[in-house]
Amino acid sequence: MERFAKYKRRNGFLYIGLVLAALALLMIAVSVHEFLHDEPFILRITGFGAGILWGAAAFVCLRTYYRINLSELSSPGRKNDTDDKLL
C-alpha cells in the first residue's frame with residue numbers, strides 16, 4: 001500500500017504540471033486574442049501575467065517530477081518500448 005502511495009504522489013506532480021501547462025497555454029492564447037481585438041490594456045496585461053504565472057507553476061511541478069524520478073528516468077538498464085520495436 002505504501003508503494004502505491006509513493007507512486008501516486010510521484011505521478012501527481014506530472015499530471016498537475018501538465019494541467020497547469022495547458023492552462024498557461026490557454027491564458028496566453030486568450031491574451032493574444034484580446035490583443036488582436038483591441039480589448040482594454042489591463043485585460044491584456046492581466047492575461048499575459050496569469051499565463052506566465054501558470055507556466056512557472058507548471059515548470060516547478062514538472063521539474064519536481066523529474067527530480068523525484070531522476071534515477072528511474074536515467075538508469076542505463078532501463079528498457080524502452082522503442083528499443084523492443086527496433087529489434
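Reader: What is the relative accessible area of His33, and how do I read it?

Author: Start with the cut-offs. Buried means under 20% relative accessible area, exposed means over 50%, and partly exposed is in between (1.4 Å probe, protein chains only). His33 has a relative accessible area of 49%, so it is partly exposed. This is a predicted model: local features need pLDDT of at least 70, side-chain atom pairs count only at pLDDT 80 or more, and totals for chains, interfaces and linings use all residues. Residues are numbered from 1 along each chain as its sequence is written, and side-chain values use heavy atoms, with hydrogens and water left out.

Reader: Where is His33 found?

Author: His33 belongs to helix 1. Helices are DSSP runs of H or I, at least four residues, and strands are runs of E, at least two, both numbered from the N terminus. The protein has four helices and zero strands. From the N terminus on, the order is α-α-α-α.

Reader: How far apart are His33 and Arg44 in space?

Author: Compare the sequence gap with the C-alpha distance. His33 and Arg44 are eleven residues apart in sequence, and their C-alpha atoms are 9.0 Å apart. Now look at Glu34, also in helix 1. Contact means heavy atoms within 4.5 Å. Setting aside neighbours within four places in sequence, Glu34 contacts Glu39, Leu43 and Arg44.

Reader: Which side chain of opposite charge is nearest to Glu34, and how far away is it?

Author: First, the rules for charge. Lys and Arg count as positive, Asp and Glu as negative, while His and the chain ends are not counted. A salt bridge needs a side-chain nitrogen of Lys or Arg within 4 Å of a carboxyl oxygen of Asp or Glu. For Glu34, the nearest opposite charge is Arg44, 6.6 Å away. Glu34 is buried yet has no salt bridge.

Reader: Which residues of helix 2 are buried?

Author: Arg44 is one of them. For the spacing, recall the helix geometry. An α-helix has 3.6 residues a turn, so residues three or four places apart point the same way. Across the protein, buried residues make up 17% of the 87 residues.

Reader: What span should helix 2 have?

Author: Take 1.5 Å times one less than the number of residues. Helix 2 has 28 residues, so it should span 40 Å. Its end C-alpha atoms are 41 Å apart, which agrees.

Reader: Which residues does Phe48 contact, beyond its neighbours within four places?

Author: Phe48 lies in helix 2 and is partly exposed, with a relative accessible area of 29%. Its contacts are Ile28, Ser31 and Val32. Ala56 and Ala21 are 35 residues apart in sequence and 8.6 Å apart in space, C-alpha to C-alpha.

Reader: What does Phe13 touch?

Author: Leave out residues up to four places away. Phe13 then touches Cys61, Leu62, Thr64, Tyr65 and Ile68. Phe13 is part of helix 1 and is partly exposed, at 27% relative accessible area. Phe13 and Val60 are 47 residues apart in sequence, yet 9.0 Å apart in space, C-alpha to C-alpha. Among contacts in the protein with a separation of 6 or more, 69% join residues 24 or more positions apart.

Reader: Which residues form the nonpolar patch on the surface?

Author: Patch residues have over 30% relative accessible area and no salt bridge; like charges are joined within 9 Å, and nonpolar side chains (Val, Leu, Ile, Met, Phe, Trp, Tyr) within 5 Å. Here they are Val19, Leu23, Leu26, Val30 and Trp54, with about 410 Å² of accessible area together (Shrake-Rupley method, 1.4 Å probe; for residues, only the protein chains shown count as cover). Helix 1, residues 2–36, supplies the largest share, four residues. Leu26 is in helix 1 and is partly exposed at 48% relative accessible area. The whole protein has an accessible surface of about 7,100 Å², and 68% of that belongs to carbon and sulfur atoms.

Reader: What is the phi of Asp38?

Author: Asp38 has a positive phi of about 50°, although it is not a glycine. Asp38 sits in the loop between helix 1 and helix 2, the latter being residues 41–68. Asp38 is exposed, with a relative accessible area of 65%.
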